[in-house]
Amino acid sequence: GMPDLGKAFDDAPRFLRDQVPEDLFTAPGQERVFVVRPSDPGQALRITLAWTDAPGSTVGPAYANDLDLQVTAGGRLYLGNVFSGEVSQAGGSPDGRNNVEGVVLPAGTEGPVAVRVRAVNLPADGVPNFGGATDQDFALVVANGVPESAPVFLAESASLEDESCKPGNGSLDPGEGATVRFALRNVGNLAAGDVSAELLAG
């Protein structure tokens, strides 16, 4: 798409991390998590991640280091560059090729919103003349966002442990009692106690 200069230079509050030394990735699997809330809930929340990639191969893919943008809002996980029209949609697959990733949450989004940047693959030196041979920094901007301190939960997994109808078939059947184990992860920046969850239909 084309840059929107009106939005780029408006006076909306912005949360910005631009090549901050303590954000530097030095190994795959590392992540940085920032919690924000919309400054104006009547406007969209726009999150953009960008990094200067190391030079790519001349005979293979042009990209080298891979970072992923993951945004958790309202219990849903949004991945960078997974769009339906002008806004992001939950689900999809991570973008392993582009060094610019974006998530746009529509007006009406409520905080807190967890913004997670993950180092997926670091085979190359993304920051020459600094650090080791495999590293990567990044720039992150959240337009219409301000910092927030809050726990943010994400459903990591669910597994069916036991079924009342024997032999079990690995599925939840009508009228069947079952034990399901859920794993939740706090991706926010505050601890949470006395956590409870409610299972909703659908």
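Q: Where do we find L199?
A: In this predicted model, L199 is in the segment that follows β13 (178–186).

Q: Why is L199 called exposed?
A: Its relative accessible area is 71%, and the label needs over 50%, so L199 counts as exposed.

Q: Which residues make the nonpolar surface patch of about 500 Å²?
A: L199 again, together with L160, L172, V180 and F182.

Q: How many aromatic pairs turn up in a search of the whole structure?
A: There are 2.

Q: What makes the pair of F15 and F34 tilted?
A: The ring centres are 5.7 Å apart, and pairing asks for centres within 6.5 Å, so they pair. The planes sit at 50°; stacked takes under 30 degrees and edge-to-face over 60, so tilted is what's left.

Q: Why can we say that this pair ties parts of the chain together?
A: Because F15 belongs to strand β1 (residues 14–18) and F34 to strand β2, parts that are 19 residues apart in sequence. Both F15 and F34 are buried.

Q: What else is F138 part of?
A: The largest nonpolar core, which has 23 residues; F138, I47 and L140 touch the most other members. Elements giving two or more residues to this core include β3 (45–50) and β10 (139–143).

Notes. Residues are numbered from 1 along each chain as its sequence is written. This is a predicted model: local features need pLDDT of at least 70, side-chain atom pairs count only at pLDDT 80 or more; totals for chains, interfaces and linings use all residues. Side-chain values use heavy atoms; hydrogens and water are left out. A nonpolar core is a set of buried Ala, Val, Leu, Ile, Met, Phe, Trp, Tyr and Cys residues joined through side-chain atoms within 4.5 Å. Buried means under 20% relative accessible area, exposed over 50%, partly exposed in between (1.4 Å probe, protein chains only). Helices (H or I, at least four residues) and strands (E, at least two) are DSSP runs, numbered from the N terminus. Patches are made of residues with over 30% relative accessible area and no salt bridge: like charges are joined within 9 Å, nonpolar side chains (Val, Leu, Ile, Met, Phe, Trp, Tyr) within 5 Å. Accessible areas come from the Shrake-Rupley method with a 1.4 Å probe; for residues, only the protein chains shown count as cover. A salt bridge is a side-chain nitrogen of Lys or Arg within 4 Å of a carboxyl oxygen of Asp or Glu. Rings of Phe, Tyr and Trp (its six-membered ring) pair if their centres lie within 6.5 Å; planes under 30 degrees apart count as stacked, over 60 as edge-to-face and the rest as tilted.
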